[in-house]
Protein chains: 2
Amino acid sequence: MAYRGLIHKYGRRMAISQSATPITLFEGDTPLIDAPRISAWVGGGAKLWLKCEGMNPTGSFKDRGMTAAVTEAVHHGASALICASTGNTAASAAAYAARAGITCCVLIPEGKIAMGKLAGAAAYGAQILAIDGSFDAALELVRLAAERAPIALVNSVNPARLQGQKTAAWEIVEQLGRVPDLVCLPVGNAGNISAYWLGFCENSDRERPKMLGAQAEGAAPIVRGEIVREPETRATAIRIGNPARWLQAEDAVRESAGLILSVTDEEIFEAYHAVAELEGVFCEPSSAAGIAGLRKAMSNGDVDARERDVVCVLTGHGLKDPDSVFDGTPKVVRIGANLDELLRALASEAGVPA
Amino acid sequence: MAYRGLIHKYGRRMAISQSATPITLFEGDTPLIDAPRISAWVGGGAKLWLKCEGMNPTGSFKDRGMTAAVTEAVHHGASALICASTGNTAASAAAYAARAGITCCVLIPEGKIAMGKLAGAAAYGAQILAIDGSFDAALELVRLAAERAPIALVNSVNPARLQGQKTAAWEIVEQLGRVPDLVCLPVGNAGNISAYWLGFCENSDRERPKMLGAQAEGAAPIVRGEIVREPETRATAIRIGNPARWLQAEDAVRESAGLILSVTDEEIFEAYHAVAELEGVFCEPSSAAGIAGLRKAMSNGDVDARERDVVCVLTGHGLKDPDSVFDGTPKVVRIGANLDELLRALASEAGVPA
């Protein structure tokens with residue numbers, strides 16, 4: 001039987017309406033790939049695996065929660081969805097709304113996002129509304145609107161989202177054939193670390209992994225123990241100063257005897273380039289925060305994963321944010337259009353003997 | 001057993017070195033999703049399925065051929081790869097080279113491509129060389145260089161590429177549970193239609209589908225029966241005037257009793273928007289040429305697929321080319337940051353009753 005998405009596979013273990021017809025784009029079932037070179041780069045002797053969530057249909061892990069949220073919304077009669085977002089959530093909501101044949105409205109904080117980031121949501125036909133205000137203001141408005149008008153809110157406050165997201169933990173256990181010792185992931189709104197922990201706790205195995213969460217230094221409210229009024233990081237997907245699932249993330253870390261730490265943008269971008277160049281896996285900058293955090297924890301001695309199985313979750317595809325590849329302009333070496341010049345360039349630039 | 005890429009699954013049925021260690025990013029195993037709304041849009045009563053090849057690791061079908069080509073190259077001792085490319089091939093070659101821990105050089109025709117298109121290849125650490133000349137000139141140079149220097153050529157003239165690509169046909173038969181009646185896909189260099197046909201011919205079922213190939217009107221050498229010196233189309237991935245596998249594509253069409261036809265850019269972009277908005281599947285513009293071709297053939301009466309199974313192959317992810325989403329500027333409706341204005345906008349823009 002061919003794979004047909006999360007709900008077909010795991011629906012009975014998800015707290016959603018059991019009689020609902022799944023709205024699916026065949027999300028989930030993402031690769032868990034071994035990563036020997038990045039293991040060596042991280043150091044400490046751990047064996048790393050990469051959970052490639054960017055290989056979901058819209059290019060990010062958001063599709064897991066969205067299949068559940070949109071299935072539930074449509075089951076309860078919704079003919080329109082709404083969310084506040086500047087990126088991955090909007091694209092995912094728009095895609096599943098299109099799949100369901102219903103309307104999707106996205107409220108964005110004008111001027112806070114690159115127009116290119118809207119391509120996903122716009123492609124799927126979402127109605128894009130903009131306010132002159134912050135993301136927090138946009139979120140507050142869509143919450144109020146969903147109370148007043150017949151439109152379903154699919155931001156991460158929607159409980160079905162967590163139900164879909166937790167399935168990634170079960171996939172990891174199935175793919176690895178055992179429970180990993182440590183799971184590392186970026187922490188922004190903290191929904192994902194909460195969902196993974198929920199999944200591992202609901203898994204039939206008695207073992208549970210330690211959870212390692214990594215925040216960007218300029219947007220590290222949980223690490224600092226206080227709301228960050230003006231979060232700043234080039235890893236835009238985790239630029240959040242007041243996470244919606246703050247307490248659940250703290251629970252996950254405490255209950256798993258794990259840790260949450262912050263990493264600099266420089267450390268995040270080092271990891272981002274390393275995983276692409278050493279393993280051929282291209283992720284969003286923020287996705288690499290888990291790897292950066294693991295590397296830091298290894299060198300600090302905060303974790304000791306020698307000979308143990310470590311999973312780093314890469315939350316989104318690098319194609320979501322191609323501009324981050326180049327620091328300034330791309331390095332292109334211009335040569336004359338003849339064989340001699342090409343052979344010389346191959347020797348000098350790539351070490352290929354002529 | 002968790003899925004571990006094409007060669008682990010199909011290697012014994014591929015004409016490649018059987019003792020080679022697979023270089024894999026867990027490509028293949030892409031979704032085949034039902035598409036009721038786009039079926040109705042295409043018309044003619046056919047039941048459509050979408051083979052979502054954009055869900056390969058680097059975002060295009062090229063990864064299927066590349067895992068085979070790079071596995072073979074590394075098995076024979078290559079420590080560097082080379083290709084001429086302006087897009088998907090370069091990203092795929094760079095990713096698999098990174099995965100293998102070897103060097104990748106990409107030769108591009110300077111000025112003929114947007115810098116954004118290089119993000120993929122650059123991310124994976126490829127060395128990018130540029131000439132002042134055409135793609136054809138670049139291809140000729142890399143062929144010569146590969147004869148002279150110890151560097152493996154992975155352009156589609158490499159026979160292993162076809163061996164990897166043909167596996168998509170086998171997946172379709174497995175996922176559908178039967179051989180489809182008609183398979184539609186875009187034709188640029190014609191490697192893909194040739195590979196699918198090879199796969200169906202090597203399949204154990206006696207049935208074979210008809211093959212429908214679609215070229216862009218301004219780049220339709222096979223339809224016109226002559227080389228197009230200056231091919232033009234906004235579907236850049238199929239902007240090719242002299243296809244490398246021209247004769248094989250003609251064989252596939254003739255042997256399958258299929259057809260090859262041309263579609264206008266307008267028809268391609270209509271299909272591109274329709275599949276995203278009606279099904280929530282975002283593909284590259286060129287990927288939609290197969291759907292556009294099917295629609296045209298249905299309305300012309302060239303095919304009659306009533307009640308029959310039709311597979312349209314979507315060759316690359318829409319995130320590969322986000323600029324194509326917007327015709328000019330994105331449509332964003334600005335509103336004041338208050339609930340009343342939001343409710344009014346939801347009513348007027350999205351038909352949500354206040």
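These legends describe close-up views of a predicted model. Local features need pLDDT of at least 70, side-chain atom pairs count only at pLDDT 80 or more, and totals for chains, interfaces and linings use all residues; side-chain values use heavy atoms, with hydrogens and water left out. Residues are numbered from 1 along each chain as its sequence is written, with chains lettered from A and ligands numbered from 1 in the order in which they are written.

**View 1. The largest nonpolar core has 217 residues.** A nonpolar core is a set of buried Ala, Val, Leu, Ile, Met, Phe, Trp, Tyr and Cys residues joined through side-chain atoms within 4.5 Å. Buried means under 20% relative accessible area, exposed over 50%, partly exposed in between (1.4 Å probe, protein chains only). The most contacts inside this core belong to A:Leu50, A:Tyr196, A:Leu294, B:Leu50, B:Tyr196 and B:Leu294. Helix H4 (residues 88–100) of chain A gives the largest share, eight residues. Helices (H or I, at least four residues) and strands (E, at least two) are DSSP runs, numbered from the N terminus. A second, separate core has 24 residues, including A:Leu343, A:Ala350, B:Ile131 and B:Leu141.

**View 2. Helices H8 (residues 167–176) and H9 (residues 191–202) of chain B pack together.** Their axes lie 7 Å apart, at an angle of about 55°. Axes are lines fitted to C-alpha atoms, for helices over the stretch in contact, and angles run from 0 to 180 degrees between N-to-C directions. H8(B) and H9(B) are therefore oblique to each other. Angles under 35 degrees count as roughly parallel, over 145 as roughly antiparallel, 65 to 115 as roughly perpendicular and the rest as oblique. On the H8(B) side, the contact (heavy atoms within 4.5 Å) is made by B:Ala168, B:Ala169, B:Trp170, B:Ile172 and B:Val173. H9(B) supplies B:Tyr196, B:Gly199, B:Phe200 and B:Glu202.

**View 3. B:Tyr196 touches residues that include B:Lys51, B:Glu53 and B:Val313.** Residues up to four places away in sequence are not counted. B:Ala168, B:Ala169 and B:Ile172 are also among those touched.

**View 4. A:Asp29 and B:Asp29 each have a positive phi.** Phi is near 60° in A:Asp29 and near 55° in B:Asp29. A:Asp29 sits in the loop between helix H1 (6–10) and strand S1 (32–34) of chain A. A:Asp29 is partly exposed, with a relative accessible area of 34%.

**View 5. B:Pro221 lies in helix H10 (residues 221–224) of chain B.** B:Pro221 is buried, at 0% relative accessibility. The C-alpha atoms of B:Pro221 and B:Trp246 are 8.7 Å apart, across 25 residues of chain. B:Trp246 is one of the residues in contact with B:Pro221.
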